[in-house]
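Take the reader through it in plain paragraphs.

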Amino acid sequence: NMARCVFARICTLLFLFVYVASACNSKSKKNILFFIADDAGFQSGAYGDHVISTPNLNALAASGTLFKKAYSTVASCSPSRASIMTGIPQHQNGMYGLAHSVHHFSGFNATTMSFSNILSSMGGYRTGLIGKKHVTPENVFTYDFEVSDTLEVMRNISYMKELTLQFFEECKNDSNPFLLYIGFGDPHRCDFDANGEISKNGAFCELYGTGGDQGIIPDWKPIIYSPADVIVPSFLPDTPATRAELAKLYTVTNRFDQGIGLIMNILKQNGLLNDTLIFFTSDNGIPFPGAKTNLYDPGMNIPLIIVDPTIQPPIIKKPVVNVDMVSLLDIFPTLLDWAGIPFNTYPLNGINVTLTGRSLLPLLGRPSPNPSWRQEVYGSHNLHEVTMYYPMRVYKTDQYKLIYNMANALSYPLAQDLWACETFQDVLNRTENGVPTGWCRTLEQYYFRDKWELFDTEVDPLEVSSLSGDPKYWPLLQDMQTKLKAWQNTTNDPWIIKYLHE
């Protein structure tokens with residue numbers, strides 16, 4: 001029976017593959033393939049990590065433009081994804097926190113426009129989403145083809161490959177372009193089980209698909225990394241606990257890299273690469289203390305690779321490295337620019353929406369820095385889990401960064417998985433026992449923050465010594481505060497009332 005089942009599934013895949021050959025592949029299309037990983041950082045060969053194996057990310061980078069200074073506007077899953085899809089920050093689109101379960105946040109459903117809806121209605125695109133979606137409401141974030149938000153569809157790269165084949169089979173007679181959004185669930189930490197214990201699939205679901213009760217992912221060839229070999233980012237303590245967790249993160253990062261390879265192979269086999277704009281990015285930084293849910297750079301600074309098929313790659317393939325400051329809010333206008341669709345402003349909560357992002361197409365394949373490009377990015381975070389109220393706003397230039405902690409009288413809240421992780425528990429235990437933690441912050445510094453944090457990131461890249469109390473920096477502080485407030489006004493930030501009431 002098992003043999004018959006496997007044979008039937010193979011036959012189905014072969015049938016789909018034959019039909020994909022004629023799917024969505026007419027010339028001169030403006031197709032879009034969008035890869036987004038979940039909590040991914042710079043653990044890839046493309047970004048200089050020589051330990052981890054990421055050949056498919058490396059190949060993407062070698063064919064395109066790799067951004068070193070790309071920033072998410074928010075370090076939380078649902079708010080970041082909603083901001084990417086709408087081109088406006090979380091405080092404006094309404095996706096203040098996580099969409100699932102008891103957290104139950106949802107974006108505004110009145111008139112909010114997402115890139116999938118605009119590309120479909122104004123560009124005739126066939127739209128598809130496979131993997132992690134994690135945003136609501138459905139009428140704002142609509143896709144013609146969608147299979148989303150289960151463990152299998154987010155981490156089983158073989159299943160994701162099958163669904164990709166199915167998407168193309170369904171549009172085989174469609175002469176219109178496509179938008180295909182692939183949301184990997186890796187390297188997000190695995191959910192706890194019903195007893196609050198680490199999942200049987202492992203802390204990072206690194207055991208999922210490896211056999212036995214965890215099932216098999218046929219196309220995945222797991223790579224196990226030694227904790228001794230991993231590269232520990234400077235913002236984390238270099239301890240056995242941290243290294244053990246990073247080794248697991250490496251394994252699942254390699255899993256989604258193999259998934260990228262499977263899907264890229266489908267495009268290549270069917271002649272779609274020359275008509276498809278390809279993105280790879282992450283929603284926020286890695287799921288470790290000081291990164292995810294924080295607006296320090298490890299939480300905001302994320303990988304971004306874009307491959308423009310109209311740009312001839314160099315004979316010796318290597319990335320075009322861009323050092324301009326770009327924001328994930330730039331993705332929305334980039335997609336519209338690629339599709340040739342103008343942005344029409346629309347009313348939302350009493351004002352007309354103005355995009356603060358810009359198309360990235362003029363930066364692709366070109367030297368940087370570009371003197372005509374903007375010199376700053378912004379950030380906006382309110383919550384992650386429903387219990388984690390800690391609104392922050394950010395104005396960042398190449399050298400200086402201002403963080404406005406609006407509720408700094410509260411202690412900084414930790415997500416359940418980040419509090420329970422081995423890395424943070426080790427910091428807690430070492431602190432309680434009076435043993436050096438090896439971390440760049442004390443627990444007191446992490447929990448209790450100044451209302452205004454001002455950092456010179458050239459001399460203080462770990463963002464541990466705020467300059468806001470130094471009179472020498474008060475003119476700079478005031479100038480940055482003014483620019484941050486102006487952006488909040490432009491983006492209709494409800495929290496701007498804090499300037500009047502506190």
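Contact here means heavy atoms within 4.5 Å. Helices (H or I, at least four residues) and strands (E, at least two) are DSSP runs, numbered from the N terminus. This is a predicted model, in which local features need pLDDT of at least 70 and side-chain atom pairs count only at pLDDT 80 or more, while totals for chains, interfaces and linings use all residues. Residues are numbered from 1 along each chain as its sequence is written, and side-chain values use heavy atoms, with hydrogens and water left out.

Helix 10 (residues 331–339) is a place to start. Seven of its nine residues are buried, so helix 10 is largely enclosed by the rest of the structure. Buried means under 20% relative accessible area, exposed means over 50%, and partly exposed is in between, with a 1.4 Å probe and protein chains only. The buried residues of helix 10 are Ile331, Phe332, Pro333, Thr334, Leu335, Leu336 and Trp338. Their cover includes strand 1 (31–37), helix 3 (77–86), helix 5 (115–123), strand 6 (276–282) and strand 9 (326–327). After helix 10 comes Gly340, which has a positive phi near 70 degrees.

Ile302 is part of strand 7 (residues 301–307). With a relative accessible area of 0%, Ile302 is buried. Leaving aside residues up to four places away in sequence, Ile302 touches Ala40, Phe42, Ala70, Tyr71, Ser72, Thr281, Ser282, Asn284, Gly285 and Leu328. Between Ile302 and Gly41 the C-alpha to C-alpha distance is 5.9 Å, although 261 residues separate them in sequence.

Next comes a pair of helices. Two packed helices are described by the angle between their axes and the distance between the axes. For helix 2 (residues 55–62) and helix 8 (residues 240–269), the axes come within 7 Å and cross at roughly 60 degrees. Axes are lines fitted to C-alpha atoms, for helices over the stretch in contact, and angles run from 0 to 180 degrees between N-to-C directions. Helix 2 and helix 8 are therefore oblique to each other; angles under 35 degrees count as roughly parallel, over 145 as roughly antiparallel, 65 to 115 as roughly perpendicular and the rest as oblique. Helix 2 contributes Pro55, Asn56, Leu57 and Leu60 to the contact, and helix 8 contributes Phe256, Asp257, Gln258, Ile260, Gly261 and Met264.

A salt bridge is a side-chain nitrogen of Lys or Arg within 4 Å of a carboxyl oxygen of Asp or Glu, and the whole structure has 21 of them. In one, Arg255 meets Asp186 at 2.8 Å, N to O. Arg255 lies in helix 8 and Asp186 in the loop between strand 5 and helix 8, so the bridge ties together parts 69 residues apart in sequence. Arg255 is buried at 0% relative accessible area, and Asp186 is buried at 1%.

Lys248 pairs with Glu422 in another salt bridge, with the closest N and O atoms 3.5 Å apart. Lys248 is in helix 8 and Glu422 in helix 12 (residues 422–432), so this pair ties together parts 174 residues apart in sequence. Both partners are partly exposed: Lys248 has a relative accessible area of 25%, and Glu422 has 32%. Shared partners also join the salt bridges of Asp38, Arg81, Lys132 and Asp283 into one network.
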